[in-house]
Amino acid sequence: MRVILAEKPDMGRNIAEALGIASKDRHYITLKSGDVVTWAIGHLIQQKQPHSYPQYKEWKLENLPFVPYPVEMEVDPTKKDQLAVIKRLLSESDTCVIATDPGREGEHIARTILEYVDYRGKLLRLWVHDLTPETIRTGFQQLRPAQEYDALAAAAKVRDAADFWMGITATRLFSIMAKEVAKESVTLSAGRVQTPTLRLVYDQEMDIEQFEPKTFYTLKARFSVPNGQYDGQWFTEGPEGTTSRFDSKAAAEQIMSKIRGQMGQITLYSSKEVKRAAPMLFDGTALRAAARKELGFGIRKTTDLLQKVYDKKYCTYPRTSSRHLSENAADQLADRLHELREKSKYQDLFPGHIQSLKGQRRFVDNSKANEHHAVVPTGRNPEDFKHDDTYQLTTDEEKLYELILRHTLAAFHPEGIDQETEVVTQVQGELFQSKSVSVIAPGWRQIYKPQEEDPDEPDGKQPAIPLVTEGQTSKVVQTDLNTGKTTKPKRFSDTDLENLMKYAGRAIDEEKAADAVLQQLKEKGIGTPATRVQIIEKLIKDEYIESKKNLIYLTDKGRNFMGMVYEQPLASIELTGEFEHKLEEVAAGARDAGELMHEFKQFAFEILNYKDRLQLIMEQRLSGKPLFDNVNEIGICPSCGKPVIEQVKSYSCTGWKDGCTFSIWKSFRKVDLKLKQVKDLLAGKEVMISNIPAAEGKRSYDMLLKLKDGKIDGRFPDAEDRSLGSCPICSKPVVEHEKTYSCSGRSAGCSFVVYKEFRKIQLPAKNIRSVLSGKEVLLKELPKANGEGTYDLFVFLKNGKLESRFPTAADSAVGVCPLCKHPVVETEYAYGCSQWKTGCKFKLSKEFLGQRIPVAQIKKLLKVGRTDKIDGFTGKNGAFATALGYDPEKNRYSFMK
């Protein structure tokens with residue numbers, strides 16, 4: 001018997017299904033071969049909490065640095081039963097197959113368990129890039145000795161200890177200093193990766209705040225030749241490169257006067273075909289950025305969806321930093337896509353002939369796909385599982401899958417070909433440049449988002465330059481002087497921040513950067529593909545930053561904290577990048593793990609060397625004002641009236657030094673309390689805690705909590721508490737059950753009931769609340785009975801029963817068409833009249849001059865004839881702001897003063 005150790009139950013079940021199941025147990029699955037598959041449920045073994053070390057229990061400067069060695073481990077008490085089973089199975093076996101995620105974190109989870117139970121048998125490693133049955137079976141035919149991954153495991157162990165030492169040492173130092181110098185009781189979380197990541201946000205925030213717009217001027221001229229006319233923009237070349245801007249209006253006007261009506265000569269005419277390669281394949285970071293831009297998904301949503309698509313076997317391993325395939329993977333992908341094309345509902349995206357990408361270094365490079373390759377689809381077809389509860393894709397999962405498929409297939413289509421024309425005209429010694437681009441062959445752009453066209457032209461296309469020759473004369477027939485202002489730096493999106501972490505704080509366009517530059521920066525990037533999203537979320541949780549519509553903002557707490565620690569080596573992006581590079585060297589077997597462990601330990605001591613400097617900075621920043629007071633204030637203590645703040649494990653009264661003992665633990669009966677729930681408790685409100693774990697074999701339960709005499713008091717909810725609304729038949733509360741939403745008066749004879757499953761989807765409680773209040777609720781993308789496509793439906797209550805109707809154009813209208821007075825509706829790319837089939841031409845693009853026009857502004861335009869003033873438009877003369885109207889004659893936006 002071999003023990004196959006997976007990372008999570010889902011992965012364990014996938015492996016078991018691929019190899020053949022004989023029987024199932026709660027903690028493991030026995031295979032037909034006699035082997036058993038068991039799983040870790042993530043981190044079964046975890047680091048002991050700092051307070052469990054006697055010498056480090058109290059938060060005192062003399063107890064720092066925090067460097068226990070070896071780091072002691074303990075079993076997660078909620079998972080001890082699973083560990084006991086793993087230990088028993090391993091004791092009965094002489095071979096273990098490590099089948100955790102193929103990466104540093106997965107290796108660390110498995111090795112930590114095996115070390116904890118003192119396993120000394122034979123070790124093998126399963127290393128697969130996806131969880132399809134074919135890949136798993138092939139992987140088991142090619143199991144590798146686990147010793148090949150010893151260096152990877154060693155690097156993971158060093159990282160785990162280093163992050164623990166540095167994080168606890170810095171957090172305690174900064175928190176103690178805040179208490180001693182600023183007299184503020186606050187937990188200032190810090191870490192080896194999170195603190196330099198916060199510095200990236202801080203630096204950008206300072207650049208935004210300190211930015212001062214500067215006015216500039218640009219000069220355009222229209223030239224006439226026998227074959228037509230063309231526009232050119234003034235430019236000059238100097239020691240610092242090419243510029244097309246004037247700092248002074250007088251200088252621009254002087255040249256404008258100089259060239260007006262003059263004859264010029266064409267000194268350069270170039271027209272050539274340019275090939276446009278399909279975008280590089282996705283890694284996890286690039287996929288999250290594309291999902292934000294194209295689907296509107298936030299970084300956490302995409303990460304969770306991607307994991308589910310992977311678990312359901314529709315894509316390869318998501319936590320990869322490679323955008324390339326190995327040659328073997330390229331051949332395999334071509335074979336899988338060929339099979340998938342025959343039955344995929346996305347057949348129109350596939351090329352007529354699918355050939356391996358091998359030989360195309362933009363997509364295939366063995367040296368860049370060592371540990372993992374790019375995220376690409378597997379050969380599994382979602383259509384084959386659309387009625388399978390386990391493997392069917394949700395609507396959002398399907399959108400992400402289609403994005404991966406479409407992006408991957410772009411690489412199999414021909415290159416796009418454009419005709420680029422450039423003309424340089426010299427007038428009175430001044431140079432003017434003209435450019436135009438026209439599409440000869442769209443190639444891959446037919447199935448993937450085409451390149452952005454020139455937004456300055458009303459029809460979205462650049463005007464063609466007439467045929468001219470070098471040396472030909474042309475005449476200036478019109479001049480235009482335009483004014484613009486420099487724009488302040490853009491605020492980071494969450495995916496921008498992730499990309500900055502990947503490339504050591506540098507904003508890099510991977511499609512354009514040289515391979516050598518990418519590799520050099522990547523080696524010193526901070527964090528890992530598996531941890532960067534977690535780090536960003538940790539900064540949000542610690543209230544150093546906040547995310548609004550996927551954009552990152554620095555909080556007051558983050559500003560004050562970074563101002564305090566900015567000079568600390570822990571905040572250095574460069575130093576953290578060096579550490580990451582050394583960890584990679586350990587993983588590659590090029591650096592001794594013990595030596596690096598010692599170096600990290602010494603760094604924990606060095607953090608304390610800045611204590612005096614830290615105190616001086618804090619004293620200077622105080623200036624009689626508090627740094628952190630009220631930043632973490634949750635509410636008012638019911639016992640003494642002082643502020644309650646967030647601590648590591650509780651929400652506690654700041655009057656503790658005066659003897660107040662009030663606190664609320666962050667966990668209640670193994671359920672984490674949300675911050676809003678704690679705020680409500682402190683405000684005297686009653687809060688519902690749902691799905692509290694019960695004893696084994698029993699169902700979870702809910703409780704209502706309230707503060708009473710400074711302590712939490714609980715009670716079980718009654719029908720009124722659980723009410724979703726009043727019954728339309730008898731007015732008693734309607735409550736949720738396992739399969740229905742029913743009237744609590746059923747025992748008295750009321751028959752009102754709504755089943756949770758409605759036309760093959762689940763109705764959430766929020767929908768029932770709405771219909772009970774008399775509203776109509778729109779259900780989107782219900783699956784059709786024949787399984788082909790989806791539809792939308794409104795549901796509502798009528799005579800005590802759930803009724804439905806199909807949406808009309810009026811339901812989704814954003815306003816009234818100014819041409820025919822019928823409803824205007826929103827589509828994927830535009831706002832257009834619902835009567836377009838009968839000939840109405842009203843249509844406005846959602847994007848205009850580089851700026852997306854919100855639906856709220858279109859509603860205003862249709863109602864009052866104009867939008868508000870909108871910032872961020874980009875023209876040939878730079879950025880500007882304006883209100884928009886509608887020009888019915890030209891059927892396009894117009895500018896309003």
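Guide: Two strands count as paired if DSSP finds at least two bridges between them. Strands are DSSP runs of E with at least two residues, helices are runs of H or I with at least four, and both are numbered from the N terminus. This is a predicted model, in which local features need pLDDT of at least 70 and side-chain atom pairs count only at pLDDT 80 or more, while totals for chains, interfaces and linings use all residues. Residues are numbered from 1 along each chain as its sequence is written, and side-chain values use heavy atoms, without hydrogens or water.

The sheet to look at is open and has three strands in the order S25-S26-S27, paired antiparallel. Strand S25 (687–692) and strand S27 (711–715) are its edges; each has a single partner strand, so one side of each lacks a neighbour in the sheet. From one strand to the next the twist averages 35 degrees. Strand S26 (residues 701–708) is joined to S27 by five bridges, and the two run antiparallel. One of the paired residues is Lys-708, whose bridge partner in S27 is Lys-711. Helix H19 (residues 675–682) packs on this sheet and touches S25 and S26; contact means heavy atoms within 4.5 Å. The direction of H19 makes about 140 degrees with that of S25. Such angles run from 0 to 180 degrees between N-to-C directions, with axes fitted as lines to C-alpha atoms, for helices over the stretch in contact.

Another open sheet of three strands has the order S28-S29-S30, again with antiparallel pairing. Its edge strands are S28 (734–736) and S30 (753–755), each of which pairs on one side only. Neighbouring strands here are turned by 15 degrees against each other on average, direction ignored. S28 and strand S29 (residues 740–743) run antiparallel and are joined by three bridges. Glu-736 has Tyr-741 as its bridge partner in S29.

A further antiparallel pair is strand S2 (residues 21–24) with strand S3 (residues 28–31), held by three bridges. A hairpin of three residues leads from S2 to S3, and Ser-23 stands opposite Thr-30 in S3.

Phe-605 belongs to helix H17 (residues 593–608). Phe-605 and Asp-680 are 75 residues apart in sequence and 42 Å apart in space, C-alpha to C-alpha. Leaving out residues up to four places away in sequence, Phe-605 touches Pro-65 and Val-67. The relative accessible area of Phe-605 is 38%, which makes Phe-605 partly exposed; buried means under 20%, exposed over 50% and partly exposed in between, with a 1.4 Å probe and protein chains only.

Last, two helices pack on each other: the axes of H9 (residues 299–311) and H11 (residues 395–410) are 9 Å apart, at an angle of about 80 degrees. H9 is therefore roughly perpendicular to H11; angles under 35 degrees count as roughly parallel, over 145 as roughly antiparallel, 65 to 115 as roughly perpendicular and the rest as oblique. Among the residues in this contact are Leu-305 and Leu-306 of H9 and Leu-400 and Ile-404 of H11.
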